[in-house]
Amino acid sequence: MKTYLCLAAAAVLAIATCALATPTPPMWGTWASQFELKEFNPQANNWMTTTGSYYYSPLASLVAYANASAEAFCGSTGIGAGTPCYQLANSDARFLYFPEAGDSDSGECCKCCTVEQGCGPLKPSWMADASFEGTVTAQGVTADKWLIAGNEDNYYYDISDSHIPLLLNNSGFQIFGFVPSSYTTLVPMSIFTVPDICQGSIDQCEGVCGRFGASN
Ligand SMILES: *[C@@H]1O[C@H](CO)[C@@H](O)[C@H](O)[C@H]1NC(C)=O
Ligand SMILES: *[C@@H]1O[C@H](CO)[C@@H](O)[C@H](O)[C@H]1NC(C)=O
């Protein structure tokens, strides 16, 4: 009888331990995924939508938006309205590249802000201090929900077990809905090559980028 009770107590303890175990915050490796973006435009007081592709590596990131006008940094430059805008962040700066803008075949480019100004790629451990908000159903799949507290609350969801990105909700104003079927870890590093037109002394981007200071 004593043994029986003890086992029961051990079983209860084990369950309690399991219930308390939370997953460790996601670490980003190298990956790419398509996304659908919903972004709030405070000037027009409406939601804008576009699609795009997110390419991430620990050293550089490229976020390619199909429509520059539907994203605040790209749209406020006044360059390439309605055409693609690529935000390339590397160990130097963040560039905004508009492959279809302007009259030449080389597109247009401006420098948004430097790494010193806080515009480098996200660190792989950028969610290290995230708090686990539980396992939820999002976009029809079982996902881990994380809260990354900043000036405002940001939420990140990835698919439980596989850790494929599902949703990134930046302060409720910018929502990336990732497309899990497009997820891959095979990202050619050439995708992060800075286009020629972005090299050398180039213009500081107008608009939201200006908040970071026109130091270059
Ligand atoms: C681009 O986005 C803007 C802002 O939402 C929208 O007004 C415009 O119609 C879009 N253009 C294209 C080509 O989708
Ligand atoms: C994004 O987060 C905000 C709170 O910051 C919340 O009100 C909103 O419903 C969230 N949107 C989505 C699509 O999860």
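**A walk through a predicted model**

Hi everyone, let's start with ligand 1, which has M48, N67, S69, A70 and G82 around it. Sorted by class, that shell holds 2 nonpolar and 3 polar residues, with no charged ones. Please keep in mind that this is a predicted model.

Now for the other ligand. Ligand 2 sits among D153, Y155, N169, S171, G172 and I175. Its shell counts 2 nonpolar, 3 polar and 1 charged residues.

How far can we trust what we see? The protein chain has an average pLDDT of 90, and 89% of the residues reach at least 70. Residues 1-10 are another story: their pLDDT is below 50, and beyond near neighbours in sequence this stretch makes 0 contacts in the model. Where pLDDT is low, the predicted coordinates should not be read in detail.

Let's go inside. The largest nonpolar core has 44 residues, and the ones touching the most other members are Y65, F95, L96, Y97 and C112. Strand 5, residues 93-98, gives the most to this core, with 5 residues. The core also takes at least three residues from each of two domains: domain 1 (31-123 + 185-212) and domain 2 (131-182).

Take F95 as an example from that core. Setting aside neighbours within four places in sequence, F95 is in contact with L88, C109, K111, C112, V194 and C198.

C112 turns up again beside C209. Apart from neighbours within four places in sequence, C209 contacts F73, C112 and C113. You will find C209 in the segment after strand 11 (174-178). Is C209 buried or exposed? C209 is buried, because 24 other C-beta atoms lie within 10 Å, and the cut-off for buried is 20 or more.

N45, in the loop between strand 1 (31-41) and strand 2 (46-56), has a positive phi of about 55° although it is not a glycine. N45 counts as exposed because it has 7 C-beta neighbours inside 10 Å, and 12 or fewer is the limit for that label.

H163 is found in the loop between strand 9 (153-159) and strand 10 (165-170). H163 is not a glycine either, and its phi is positive, near 60°. How many C-beta neighbours does H163 have inside 10 Å? There are 17, so H163 counts as partly exposed.

Note on methods
Residues are numbered from 1 along each chain as its sequence is written. Chains are lettered from A and ligands numbered from 1 in the order in which they are written. This is a predicted model: local features need pLDDT of at least 70, side-chain atom pairs count only at pLDDT 80 or more; totals for chains, interfaces and linings use all residues. A residue is near a molecule or strand if its C-beta atom, placed from the backbone, lies within 6 Å of it. Ala, Val, Leu, Ile, Met, Phe, Trp, Tyr, Cys and Pro count as nonpolar, Asp, Glu, Lys and Arg as charged, and the others, Gly among them, as polar. Helices (H or I, at least four residues) and strands (E, at least two) are DSSP runs, numbered from the N terminus. Two residues are in contact if their C-beta atoms, placed from the backbone, lie within 7 Å. A nonpolar core is a set of buried Ala, Val, Leu, Ile, Met, Phe, Trp, Tyr and Cys residues joined through C-beta atoms within 7 Å. Domain bounds come from an automatic or database domain assignment. pLDDT is the predictor's confidence in each residue, from 0 to 100.
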